[in-house]
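Reader: Let's go through this one together. I'll ask, you answer.

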Amino acid sequence: MEKIIIDHKNDFTGAVLDADMLSVKMSDVFEGIPNGLAIYRIKKGEVRPVYHNSAYYQVMGYSEEHIEAIRQGAIFVGVHPDDLPALHEKTALFLENGEDLVHVFRLFHDKSSCYRWLRLKGSRQYLKDGSALIYTSYTDVTEEKRLETEFHNATVKMEDIVNAIPGGVSLYRVTDDFETVYFSNGVPELTGHTMEEYRELIQNDAMAMIYPQDRDMVMDNLRYAVRNHTTADFEFRKLHREGHIIWVHIHARQVGEADGVPLLHCVFQNITDVKETQLEIN
């Protein structure tokens, strides 16, 4: 069978592949890939590097010392210590079951002297001689991770702001039923429940804790507000965890749609003390 020797300045010297493993044309294709590409060969349990494209060293940012270590077969050079166990585990599972590998980890970028986030993707191809080729690509996702972190921090900040609102805030999808999309910490606190208890209670019926005699009135008012694009502003009773009744004021209005289904935003306030005072005066 014809043998092809890959001869490129960024390739491993002396790498000899069968014609059905890699062609010179494929080498040209690999050099045009902007992501870092590495190919390894597994034979008799031994993993050896076969090829790296030019972008591999740019993405990884390795120093000359580390490049030499990579060429000698070193793996996971410069990986953040906290990310190394998970990377070892994912790689071991990939080598064992052959399923595609996708993992994100931090690697020390020698040229910029900092850790950068990389997304690793890998797949395996079995060869006729019983060995296998491992194709891996590396993409720098540092900016993506930075944006994710900023979004997460902004979300946490918004959660803090929402949870600071007296009473509680909920968001519902209005179909035949009211499906809870979101609720702040203050919503379960109104009825004395924990977040976990409240989540379990509303799983099948978002209106479960409304006082039975008020339930139809509440649903009619909310549906009217959605149907006519108006604001619902009224009072009703809810059942407290300890068995007594509390009075709640609700301010609700539609805030758009999700997949064609109206979204209803509700703000609740506990007005029990005010209501009881009014009843006593009356």
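Reader: How much space lies in the second largest pocket?

Author: About 170 Å³. Bear in mind that this is a predicted model: local features need pLDDT of at least 70, side-chain atom pairs count only at pLDDT 80 or more, and totals for chains, interfaces and linings use all residues. Residues are numbered from 1 along each chain as its sequence is written, and side-chain values use heavy atoms, with hydrogens and water left out.

Reader: What do you call a pocket?

Author: On a 1 Å grid over the protein atoms alone, a pocket is an open set of points with protein on both sides within 12 Å along at least five of seven lines; a cavity is a set where a 1.4 Å probe fits but cannot get out. Lining residues have an atom within 4 Å of a point. Points are joined across faces, edges and corners, and the volume is the space filled by probe spheres set on them.

Reader: Which residues line the second largest pocket?

Author: E159, N163, T180, V181, Y182, F183, S184, N185, M195, R199, I202 and Q203. Helix 5 (142-163), strand 9 (178-183) and helix 7 (195-201) each give two or more residues to that lining. Strand 9 has the largest share, with four residues. Helices (H or I, at least four residues) and strands (E, at least two) are DSSP runs, numbered from the N terminus.

Reader: How does that lining divide by class?

Author: Five nonpolar, five polar and two charged. Ala, Val, Leu, Ile, Met, Phe, Trp, Tyr, Cys and Pro count as nonpolar; Asp, Glu, Lys and Arg as charged; the others, Gly among them, as polar.

Reader: And the largest pocket: what volume?

Author: About 300 Å³. Its lining has 23 residues, and Y40, I75, F76, T91 and Y138 lie nearest the centre. By class, 21 are nonpolar, two are polar and none is charged.

Reader: Helix 2 has Y56. Is Y56 buried or exposed?

Author: Buried, because its relative accessibility is 2%. Buried means under 20% relative accessible area, exposed over 50%, partly exposed in between (1.4 Å probe, protein chains only).

Reader: What is Y56 in contact with?

Author: Leaving aside neighbours within four places in sequence, Y56 touches G36, L37, A38, Y40, Y62, I70 and Y138. Contact means heavy atoms within 4.5 Å. Y56 and N35 sit 21 residues apart in sequence, with their C-alpha atoms 6.8 Å apart.

Reader: New topic. How many cavities of 30 Å³ or more?

Author: One. The largest cavity has a volume of about 100 Å³. Of its 13 lining residues, Y172, A206, M207, I210 and F268 lie nearest the centre. Helix 8 (212-228), strand 10 (232-239) and strand 12 (261-270) each give two or more residues to the lining. That lining has twelve nonpolar residues, no polar ones and one charged.

Reader: Now K275. Why does it count as buried?

Author: Because its relative accessibility is 16%. K275 sits in helix 9 (residues 272-281). Its side chain makes a polar contact with the side chain of E235, at 2.7 Å. A polar contact is a pair of N or O atoms within 3.5 Å; within protein, one must be able to donate a hydrogen and the other to accept it, and residues adjacent in sequence count only if both atoms are side-chain atoms. Apart from neighbours within four places, K275 is in contact with E235 and W247.

Reader: Last one. What is phi at H229?

Author: Near 55°, a positive value in a residue other than glycine. Most residues other than glycine have a negative phi. H229 lies in the loop between helix 8 and strand 10, and it counts as exposed because its relative accessibility is 62%. D259 also has a positive phi, about 55°, without being a glycine. D259 lies in the loop between strand 11 (245-258) and strand 12. D259 is exposed, with a relative accessible area of 80%.
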